[in-house]
Amino acid sequence: MVVGLGFLTVAFSATSASAQSSAMITTGITSQPIGHYEFCKRYPGTCQPNASVGVVSLTRAMWTKLVEVNNAVNSSIFPRTDQDMYGVPEVWSYPTVQGDCEDYVLLKQYMLQREGVPASALLITVLRQSNGEGHAVLTVRTDQGDYVLDNLDDRVLAWSDTDYEYLKRQSERDAGKWLAIADDRNILVGSVR
């Protein structure tokens, strides 16, 4: 376990230094994903305006908490599509033993909020993978930049250190609203003609 803690310290120092002032730039209100719209109808209390807006301080303790929650959810939920589970293409829900990317995100968001992280700093984010497929991650807004918790990677990374094309995320002001992301990084994204 000491080795794990040492790794966390090294990862924390190296990653936090590279993400100074690396916050996502948003450009305004955009459409809410249909899965989130349906989720909000089932859980309206999770889709309200936030009482306050802010970022979390990225301390060693916070970094450890982010890594632990990411790893706990990634290792305890079996990946399975909504089509396989429900017979429909899109259902956002809190997973118990299986789920798809949005379900992982919802559970991570819930767990971190229970640990005292403000909702305005925990934002569901929709993106495109380098293979062109859609995906969702949890963006954590910190005083040292935006980080993502991803079910496809046990590492907590600065959003700018990933090869995803970020499309939109929840608004930090209102969890029921979504903002477009201006992702102007030079990344290679596969396309089909």
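Two strands count as paired if DSSP finds at least two bridges between them. This is a predicted model, in which local features need pLDDT of at least 70 and side-chain atom pairs count only at pLDDT 80 or more, while totals for chains, interfaces and linings use all residues. Residues are numbered from 1 along each chain as its sequence is written, and side-chain values use heavy atoms, leaving out hydrogens and water.

- Strand 1 runs antiparallel to strand 9 (residues 178-181), and four bridges join the two.
- Look for glycine 28: its bridge partner in strand 9 is alanine 180.

**The whole chain**

- The chain has five helices and nine strands; helices (H or I, at least four residues) and strands (E, at least two) are DSSP runs, numbered from the N terminus.
- Along the sequence, the pattern reads α-β-α-α-β-α-β-α-β-β-β-β-β-β.
- Of the chain's 193 residues, 48% count as buried; buried means under 20% relative accessible area, exposed over 50%, and partly exposed in between (1.4 Å probe, protein chains only).
- Among contacts (heavy atoms within 4.5 Å) with a separation of 6 or more, 61% come from residues 24 or more positions apart.

- Alanine 72 and lysine 108 are 36 residues apart along the chain, and their C-alpha atoms are separated by 9.0 Å.

**Helix 5**

- The 14 residues of helix 5 (residues 101-114) should span 20 Å at 1.5 Å a residue, and the end C-alpha atoms are 20 Å apart, which agrees.
- That expected span is 1.5 Å times one less than the number of residues in the helix.
- Helix 5 is mostly covered, with ten of its 14 residues buried, including Cys101, Tyr104, Lys108 and Leu112.
- Glycine 116, with a positive phi near 100°, follows helix 5.
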